[in-house]
Amino acid sequence: MPGRNSSIRCQITLEISLCKEAETEKPLFLFGNLPVLGNWEPRKVRLKRDLDGLFRFTFYARHNQVIELKIHRGTQKRQGIYGPPFEGFPPSNIMFRAKKNLVVPISIVQWLDKVPTPENPILGDLRNHRFPAANGLRHPRRVFVWLPPSYENGKGNYPVLYAHDGQNLFLPTV
């Protein structure tokens, strides 16, 4: 019967370890796609270190629900770079499906802001527009608009590229 297990609540425990190079005195946060994970609000869920040195966070989700999250030190630019099985650069969201009594080990090998980055390759004008919460939007939104260097003096038309959830689009490391 389809959806039979969708009402089963699964306990999920994240066990976050920091490699020697990633040790920090700064507080750690997580944010993700569920209310218990902060609904992508960066500083809503602060992690606490246990006596054994690991950061643990336990929550519940529906069986087979897709979980997405990131670990960071206060901002998106200070997010973790993960070891296996979540490795990749730039760091993607940690993604997995909820299973009963799941323990998810996450190893942070470094922080994005600690990795040398090339000089900022963005030429032109990057404008940040803020919009308040409104009908259909639960949270205030920011829209970044990049204009090429020739835009102010140009008389022609310019192509448009829309990038949904593109907050990392203008980071030099991307």
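Visitor: Setting aside its neighbours within four places in sequence, which residues is Ala61 in contact with?

Guide: In this predicted model, Ala61 touches Ile8, Arg9, Cys10, Ile12, Leu34, Ile67 and Ala98, once neighbours within four places in sequence are left aside. These count as contacts because heavy atoms of each pair lie within 4.5 Å. Ala61 itself belongs to strand E4.

Visitor: Why is Ala61 called buried?

Guide: The relative accessibility of Ala61 is 5%. A residue is buried when the value is under 20%, so Ala61 counts as buried. The C-alpha atom of Ala61 is 9.0 Å from that of Val36, a residue 25 places away along the chain.

Visitor: What pattern does the chain follow along the sequence?

Guide: The pattern is β-β-β-β-β-β-β-β-β-β; the chain has 10 strands and 0 helices. Of its 174 residues, 30% count as buried. Among contacts between residues at least 6 apart in sequence, 65% join residues at least 24 apart.

Visitor: How do you know that Glu15 forms a salt bridge with Arg56?

Guide: The closest N and O atoms of Glu15 and Arg56 are 3.1 Å apart. The limit for a salt bridge is 4 Å, so this pair qualifies. Glu15 lies in strand E1 (residues 9-18) and Arg56 in strand E4, so the pair ties together parts that are 41 residues apart in sequence. In general, side chains of opposite charge can pair when their charged atoms come close.

Visitor: What makes Glu15 partly exposed?

Guide: Glu15 has a relative accessible area of 25%. Partly exposed covers values between the 20% limit for buried and the 50% limit for exposed, so Glu15 falls in that class. Arg56, at 28%, is also partly exposed.

Visitor: Which residues are linked with Arg56 in a network of salt bridges?

Guide: The network links Arg56 with Glu15, Asp50 and Asp52. In the salt bridge between Arg56 and Asp52, the closest N and O atoms are 2.8 Å apart. The whole structure holds 5 salt bridges.

Visitor: How do you know that Asp113 forms a salt bridge with Arg73?

Guide: The closest N and O atoms of Asp113 and Arg73 are 2.8 Å apart, and the limit is 4 Å, so the pair counts as a salt bridge. Asp113 lies in the loop between strand E8 (102-111) and E9, and Arg73 in the loop between strand E5 (66-72) and strand E6 (80-82), so the pair ties together parts that are 40 residues apart in sequence.

Visitor: Is Arg73 buried or exposed?

Guide: Arg73 has a relative accessibility of 4%; since buried means under 20%, Arg73 counts as buried. Asp113, at 35%, counts as partly exposed.

Visitor: Which residues gather in a patch of positive charge on the surface?

Guide: Lys26, Arg43, Arg46, Lys48, Arg78 and Lys114 gather there. Lys48 sits in the loop between strand E3 (45-46) and strand E4 (55-62). The relative accessibility of Lys48 is 65%; exposed means over 50%, so Lys48 counts as exposed.

Visitor: Which residues form a nonpolar patch on the surface?

Guide: Phe131, Val143 and Val145 form this patch, and together they have about 220 Å² of accessible area. Phe131 belongs to strand E9 (residues 125-131). With a relative accessible area of 42%, Phe131 is partly exposed.

Visitor: What makes the phi of Asn64 and of Asn101 worth a remark?

Guide: Most residues other than glycine have a negative phi. Asn64 has a positive phi of about 70° although it is not a glycine, and the phi of Asn101 is near 50°, also positive. Asn64 lies in the loop between E4 and E5 and is partly exposed, at 36%. Asn101 is found in the loop between E7 and E8. Its relative accessible area is 55%, and exposed means over 50%, so Asn101 counts as exposed.

Visitor: What kind of peptide bond joins Pro84 and Pro85?

Guide: The bond is cis, with omega about 5°. Most peptide bonds are trans. Pro85 lies in the loop between E6 and strand E7 (94-97).

Note on methods. Residues numbered from 1 in each chain as written. Predicted model: local features only at pLDDT ≥ 70, side-chain atom pairs only at ≥ 80, totals over all residues. Heavy atoms only, no water. Patch = residues over 30% accessible without salt bridge, like charges linked within 9 Å, V, L, I, M, F, W, Y side chains within 5 Å. Areas by Shrake-Rupley, 256 points an atom, 1.4 Å probe, with all protein chains shown as cover. Salt bridge = Lys/Arg side-chain N within 4 Å of Asp/Glu carboxyl O. Lys, Arg positive; Asp, Glu negative; His and termini not counted. Charge placed at Lys NZ, Arg CZ, Asp CG, Glu CD. Helix = DSSP H or I, 4+ residues; strand = E, 2+ residues; numbered from the N terminus. Buried < 20%, exposed > 50% of the residue type's maximum accessible area, 1.4 Å probe, protein only.
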